[in-house]
Amino acid sequence: LSAVRCRPMPARPRPTLTDPAAWGAAWEGRDARKAPELAWYSTSSLLAELGERSRCRDTRRKLVFFDFDHTLTVMHLFKSLACLGCGQEPAALSERGQVKKLFSLGSAWIQAAFGGVQRIAKVRTLLQRISSEHDLVVLTRGYVGVVRKCLGDLGLLGFFREVHGHIGETYGVTPYDMKAREQGAATPGMQQCLGAEGAGNWVSKVEIVAMYCKVGRLPASQVIYVDDDSEEVEQMKTLATTITVPQEGRQEYGFGRDQAKQLLALLNIEVEEFISKHESWAAAASSAGRPTGDDSSCRTAQRCGWTSRRNEERP
């Protein structure tokens, strides 16, 4: 990337998460070939584009980062697929294993994980509106392949410029994962879901957002970060304007109407006009049901609006 390939910097201690702004400064000019831990940025076409765009200082186009589990989704897909306190056996911990399991569970299961047909239609309308004027990125501690498979099946992937997450076997393997590894690309459509080599070479979400800010010369007012994890949100406050999705102590999961209104306001989109225009956003009540085999901590209630009722604390 021309914006960051200037000259190699000498090795230095990695900045701590208490000083997130230091990430961009410490890594400015690092070459991915000489710094393997930075190879993730070589997979981002948007990062290269931001470097070029920074020269004209366009402040109208903003950068919006979305978390995945319990933000875009209403259930925690990684935990459900890994059977960590919930979910349907067999357990899958690797990227290939979890994607293979999604192929087996089918589109109806994925729809239920996102809250059903009606919520998905509302999310699609919102993403379509804001992606026409701004850049959207998924940033997850889960797997790139899981995000691509789910969003692709639901017709939402095209609204996002990049998907950043882990790849491979970051969290270990189970017998199911080992079988999926042996089968390789035997499952049609598997390979195009998986993340590129090097894409998972990152430690924290903060470092990714900081690099985008540094290369694009973006102030916090031009970056928006949406997540259900209060700790992640707190760490981002020096880099971005943040939106917190309700979690513990609330009666709902996932990005909802209140967060949509916040986001529209931050993007200078007339909230009431948008809501009234799309009040019938779509569609008939979901007939997808709920993911089979999940215990109550991962079940998705039927929806009539943005949010899903929940039975117990966040898993």
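The questions and answers below go through some of the terms used for this predicted model and set each against its definition.

Residues are numbered from 1 along each chain as its sequence is written. Because the model is predicted, local features need pLDDT of at least 70 and side-chain atom pairs count only at pLDDT 80 or more, while totals for chains, interfaces and linings use all residues, and side-chain values use heavy atoms, with hydrogens and water left out.

Q: Which residues is lysine 101 in contact with, leaving aside its neighbours within four places in sequence?
A: Contact means heavy atoms within 4.5 Å, and the residues that lysine 101 touches in this sense include Ser80, Glu89, Pro90 and Tyr176. The C-alpha atoms of lysine 101 and proline 90, which are 11 residues apart along the chain, are separated by 8.4 Å.

Q: What makes strand β3 (residues 162-166) largely enclosed by the rest of the structure?
A: Five of the five residues of β3 are buried, and therefore the strand is largely enclosed by the rest of the structure.

Q: How do you know that strand β2 (residues 135-143) and β3 pair, and in which sense?
A: Two strands pair if DSSP finds at least two bridges between them, and β2 and β3 pair over four bridges, in the parallel sense. Within this pairing, valine 138 stands opposite valine 163 in β3.

Q: What makes β3 and β5 (241-244) the edge strands?
A: Five strands form an open sheet in the order β3-β2-β1-β4-β5, with parallel pairing, and β3 and β5 each pair on one side only.

Q: Why is helix α6 (residues 117-131) called roughly parallel to α11?
A: Axes are lines fitted to C-alpha atoms, for helices over the stretch in contact, and angles run from 0 to 180 degrees between N-to-C directions. Angles under 35 degrees count as roughly parallel, over 145 as roughly antiparallel, 65 to 115 as roughly perpendicular and the rest as oblique. Helices α6 and α11 pack at an angle of about 5°, with their axes 12 Å apart, which makes α6 roughly parallel to α11.

Conventions
Buried < 20%, exposed > 50% of the residue type's maximum accessible area, 1.4 Å probe, protein only. Helix = DSSP H or I, 4+ residues; strand = E, 2+ residues; numbered from the N terminus.
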